Each structure stands twice: as C-alpha cells, then as structure tokens.
Amino acid sequence: MRTIVVGTRKSKLAMTQTNWVIDRLKEMEPNLTVELEKIVTKGDKILDVTLSKVGGKGLFVKEIESALLNGEIDLAVHSMKDLPAEMPEGLTIGAVPVREDVRDCFLSRDGSTLEELPSGAIVGTSSLRRQAQVLAIRPDLRVESIRGNIDTRVQKMNDGQFDAIILATAGLNRISWQEDIAELISVKTMLPAVGQGALAIQCREDDREIRALLAKINHEETARAVRAERAFLQAFNGGCHLPIAAYAQICEGQVHLKGLVGDPTGKKMIADTIIGKNEMKMGRELANRLIELGADELLASVSV
C-alpha cells in the first residue's frame, strides 16, 4: 500500500485522536506507512470571538477538507461534532470508530458540581447548546464565552477568570485528564452535541484503496447512531455553533433518538424522542416535529 498522508489539527487533543486512529489502522495493516500533516483552521486562528459570532460552518474543518480535495492528504481525522451536516462534494466519511463517552463534564476551581456552584458564579463555555441547558437548570449562574484548547481553558479557570467550565468528557478521557473532572453530567441533564464522543475519518469518495482500509475500523453501531443525529442536524441546515443537541442509542436493533433545540437564555427548551430503524428518516422526522413546536423561531432568534 502507498504511504498514507493523514491531516489533522495541531492541538494536543487532535494529535492524540489522530495517533489513536493511526494505531488502529496499523493493527489492521502492520506494514502501513503514515505521514502526518498538521493544518491550522479558521477556528484555531480566531480565539477572541464566540463561535456563534464567528459564524459559518466548518470552522475547524474547511482547510483540512480543502487539503483532501486537492490531494495533499489522503484522509483526515475530525471530532465528529466539528463536522457540518453537509460536506463538500467528492468527500465522504470513510469510518466512524467506536464512540467514547458522550457526556459533557463539569470542572470547577473548588470541586463543586453544577448544582453546588454558588449563585452568580461564572461558567465558561463556547457552546450555545451548553449555555442554554446550564441556564435552564441554573438561571442564577453567569455563562461567559471561553475559547481555546482544553489546557488553555483549564488554565483560564485555574487563573480565576471562571469559577467553572464545561467540556466534552471524551476529550479529557483521550488525553488522560480525568482527574480534573468534578462531575460527569448525565445526558438526561445535558443532551450532548451531535456526534459528541465520536470521530469522523474523512476521505475522498473515489479513493477505493483508502475506503477499503477505513472500513476495517468502522464501528457500525456508532455510525448508525451518528447518522441519525446528523440527519436531525441537517434538517435545520445547522452547524455546531447553534443551540442544537441530539443523542441516539441503538437498543435491540432500534434507534432511540432524542433531539433538542434551546433558547440560549435557557428560558425555552423544545425536545422530543423518536424510535425506529431508518436512522436518516427518523432524524428528519424528529426535526420536523421540533419545527412544528417552534424550533425554527428559536434558532432564527440566535445572533449568528
């Protein structure tokens, strides 16, 4: 097999995820030769503005997708939640490996949980989805934007800029920082982002050799669940910066999908659940249900 060039962002988490994928591929193909190409994305460059105000989709993937389309790299490793519901023509998701923990987690300077945090405390997050759900539970807290990689955010909290921050548990697990977690937040309390905890291995649609290789590390149950979540997101023509959440689980062959659209102030949450076998159809149907309940109007009010 030819030497494979893998594209990734430069952060510690992105590199850890990418090396994990390379290790899985080498388990399948021991003689595989791999080169890494580190790529800086727009989302990595603009760190002083909230994601919702930067606007646009694919803030953390566009430059990497361009490198794929131009043939500079052969495959790319993304956090699934960074990947817009629609991707450029000619690209496809070649594999979705087994999913990590889907939950959000709560970190605080004094070890307090979300419930224990004192009134008026400042919680840092770059996600309108997390902001909406935090304020729905604790309207007495202040939620402020925080950007940067995991270590940057933890340092900002430890320096006193924030009393607490919310991160994806999967990221902390992957870089072995679990000891910083004060609370694992149940999905019943905070529904995760679409694709949270999953990786997307992207490649060119016409590259049969790479697609055959990636198929060996695909986890079909995870892929099915993520397809349902992404179909839900796609129906809203949305990106990861909007207050949209979804989580699908496979139980006895059936897909159980819950979706949510929230008001960033936490004052209104629209949610519903659907069960079925056709994950793409279900995702669209659930989105339509939420639209009938007013989800479109909520999203239209979000400043992007």
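Reply: We can start with Lys-216, which has 41% relative accessibility and counts as partly exposed. Keep in mind that the model is a predicted one.

Me: What makes Lys-216 partly exposed?

Reply: Buried means under 20% relative accessible area and exposed means over 50%. The value for Lys-216 is 41%, so Lys-216 counts as partly exposed.

Me: Where is Lys-216 placed, and which residues does Lys-216 touch?

Reply: Lys-216 sits in the loop between α8 (208-214) and α9. Not counting residues up to four places away in sequence, Lys-216 touches Met-28 and Glu-29. The C-alpha atoms of Lys-216 and Gly-94 are separated by 9.8 Å, and these residues are 122 apart along the chain.

Me: Why is Arg-211 called partly exposed?

Reply: The reasoning uses the cut-offs again. Arg-211 has a relative accessible area of 35%, which lies between 20% and 50%, so Arg-211 is partly exposed. Arg-211 is found in helix α8. Leaving out residues up to four places away in sequence, Arg-211 touches Thr-92, Cys-203, Arg-204 and Glu-205.

Me: How do you know that the buried residues of α6 line one face of the helix?

Reply: The buried residues of α6 (residues 150-158) are Ile-150, Arg-153, Val-154 and Met-157. Seen down the axis of α6, they fall within an arc of 100°, so they line one face of the helix.

Me: What do the buried residues of α6 pack against, and which residue follows α6?

Reply: They pack against α1 (12-28), β5 (104-108), β8 (164-168) and α7 (169-174). Gly-160 follows α6 and has a positive phi, near 95°.

Me: What makes Phe-232 and Phe-236 an aromatic pair, and why is the pair called edge-to-face?

Reply: Ring centres must lie within 6.5 Å to pair, and planes over 60 degrees apart count as edge-to-face. For Phe-232 and Phe-236 the centres are 5.2 Å apart and the planes 75° apart, so the two rings form a pair and the pair is edge-to-face. The structure holds 1 aromatic pair. Both Phe-232 and Phe-236 are buried.

Me: Which core has Phe-232 and Phe-236 among its residues with the most contacts?

Reply: That is the largest nonpolar core, which has 26 residues.

Me: How many cavities of 30 Å³ or more does the structure hold?

Reply: The structure holds 1 such cavity. About 40 Å³ of space lies in the largest cavity, which is lined by Lys-12, Leu-13, Asn-149, Ile-150, Asp-151 and Ile-175. α1 and α6 each supply at least two residues of this lining.

Me: How much space lies in the second largest pocket, and which element gives the largest share of the lining?

Reply: About 260 Å³ of space lies in the second largest pocket. Of the 15 residues that line this pocket, the closest to its centre are Ile-93, Ala-223, Arg-227, Arg-230 and Met-280. The largest share of the lining, 6 residues, comes from α9.

Terms used: Residues numbered from 1 in each chain as written. Predicted model: local features only at pLDDT ≥ 70, side-chain atom pairs only at ≥ 80, totals over all residues. Heavy atoms only, no water. Core = buried A, V, L, I, M, F, W, Y, C linked by side-chain atoms within 4.5 Å. Buried < 20%, exposed > 50% of the residue type's maximum accessible area, 1.4 Å probe, protein only. Helix = DSSP H or I, 4+ residues; strand = E, 2+ residues; numbered from the N terminus. Arc of directions from axis to C-beta. Contact = heavy atoms within 4.5 Å. Phe/Tyr/Trp six-rings, centres within 6.5 Å; stacked < 30°, edge-to-face > 60°. 1 Å grid on protein atoms, 1.4 Å probe; cavity = no way out; pocket = protein on both sides within 12 Å on 5 of 7 lines; lining within 4 Å. Points joined across faces, edges and corners; volume = space filled by probe spheres on them.
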